[in-house]
Amino acid sequence: MTRRPARALPWLFALLPLALGWPALRHLVESRMALHMLLEFPALLAAGASASVLAARQPVLRQVLRAGALLDWRGWTGATLTSLVALTWMIPSALDASLLSGTVESAKLASWWMAGAVLAGSVRRMDPEVLLFFVGNLAWMSASAGMLYLDAPLRLCVNY
């Protein structure tokens, strides 16, 4: 019996973006910038990673993941893609546009989910130094953007 919840967990995380289709939950998460950036973005990244784990269990999709791994030399492609996705959604106008346009919102959800799916395999291929640089760079980028948002004399986002 203890194995069933463990098997359900990747499915739960992989289907997490569908929960954001519920307007009340989406409004709650996206009503504050901190929740938007510190809860939704990592959750979408985890959802993509969980989907990648589930895909690795299927023989046909496992072949697709192996083919994708050929393009991800030592995990650098996944780290670069994830950094670009994070950089894009830290821009205030992009964050605002995701709240105002369903198309941009869908692009945000898809890009974070895809970054998580790619990063799940990339982390295993990264050298420890590259992984440390990637995590440090992402943390520094997030902290810098957060401090700029807090210290800006003008509102950077229309919706916050």
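Buried, in what follows, means under 20% relative accessible area, exposed means over 50%, and partly exposed is in between, with a 1.4 Å probe and protein chains only. By that rule, buried residues make up 34% of the 160 residues in this protein.

A word on the model. It is predicted, so local features need pLDDT of at least 70 and side-chain atom pairs count only at pLDDT 80 or more, while totals for chains, interfaces and linings use all residues. Residues are numbered from 1 along each chain as its sequence is written, and side-chain values use heavy atoms, with hydrogens and water left out.

Now the fold. There are 9 helices and 0 strands, taking helices (H or I, at least four residues) and strands (E, at least two) as DSSP runs numbered from the N terminus. Along the sequence the pattern reads α-α-α-α-α-α-α-α-α. Of the contacts with a separation of 6 or more, 75% are between residues 24 or more positions apart; contact means heavy atoms within 4.5 Å. The accessible surface, from the Shrake-Rupley method with a 1.4 Å probe and, for residues, only the protein chains shown as cover, comes to about 10200 Å². Carbon and sulfur atoms hold 74% of that surface.

Next, the core. A nonpolar core here is a set of buried Ala, Val, Leu, Ile, Met, Phe, Trp, Tyr and Cys residues joined through side-chain atoms within 4.5 Å. The largest one has 23 residues, and those with the most contacts inside it are Met37, Phe41, Trp89, Met90, Trp112 and Met126. At least two residues of this core come from each of α4, α6 (76-89), α7 (92-100), α8 (102-125) and α9 (128-151). Take Met37: leaving aside neighbours within four places in sequence, Met37 is in contact with Pro42, Trp89, Met90, Leu95 and Tyr149. As background, nonpolar side chains in soluble globular proteins tend to be buried together.

Trp11, Leu15 and Leu18 make a nonpolar surface patch of about 360 Å². Patches are made of residues with over 30% relative accessible area and no salt bridge, like charges being joined within 9 Å and nonpolar side chains (Val, Leu, Ile, Met, Phe, Trp, Tyr) within 5 Å. Trp11 itself belongs to helix α1, residues 3-14.

On to charges. A salt bridge is a side-chain nitrogen of Lys or Arg within 4 Å of a carboxyl oxygen of Asp or Glu, and the count is 6. In general terms, side chains of opposite charge can pair when their charged atoms come close.

Which residue forms a salt bridge with Arg26? Glu30 does, with the closest N and O atoms 3.1 Å apart. Both are in helix α3 (residues 23-30), 4 residues apart, about one turn of the helix. Glu30 is buried because its relative accessible area is 6%, whereas Arg26, at 25%, is partly exposed. Beyond four places in sequence, Arg26 is in contact with Leu20, Ser98, Leu99 and Glu105.

Glu105 brings us to helix α8, where Glu105 and Lys108 lie 3 residues apart, about one turn of the helix. Their side chains meet in a salt bridge of 3.2 Å, N to O. Glu105 has a relative accessible area of 5% and is buried; Lys108 is buried as well, at 0%. Salt bridges that share partners join Arg26, Glu30, Glu40, Glu105 and Lys108 into one network.

Glu40 has another partner to mention. The side chain of His36 makes a polar contact with the side chain of Glu40 at 2.9 Å. A polar contact is a pair of N or O atoms within 3.5 Å; within protein, one must be able to donate a hydrogen and the other to accept it, and residues adjacent in sequence count only if both atoms are side-chain atoms. His36 sits in helix α4, residues 33-56, and is buried, with a relative accessible area of 0%. The C-alpha atoms of His36 and Arg26, 10 residues apart along the chain, are separated by 9.4 Å.

Last, Arg74. Arg74 forms a salt bridge with Asp127, the closest N and O atoms being 2.9 Å apart. This pair links distant parts of the chain, 53 residues apart: Arg74 is in the loop between α5 (59-70) and α6, and Asp127 is in the loop between α8 and α9. Both count as partly exposed, Arg74 at 38% relative accessibility and Asp127 at 23%. Phi of Arg74 is near 55°, a positive value in a residue other than glycine. Most residues other than glycine have a negative phi.
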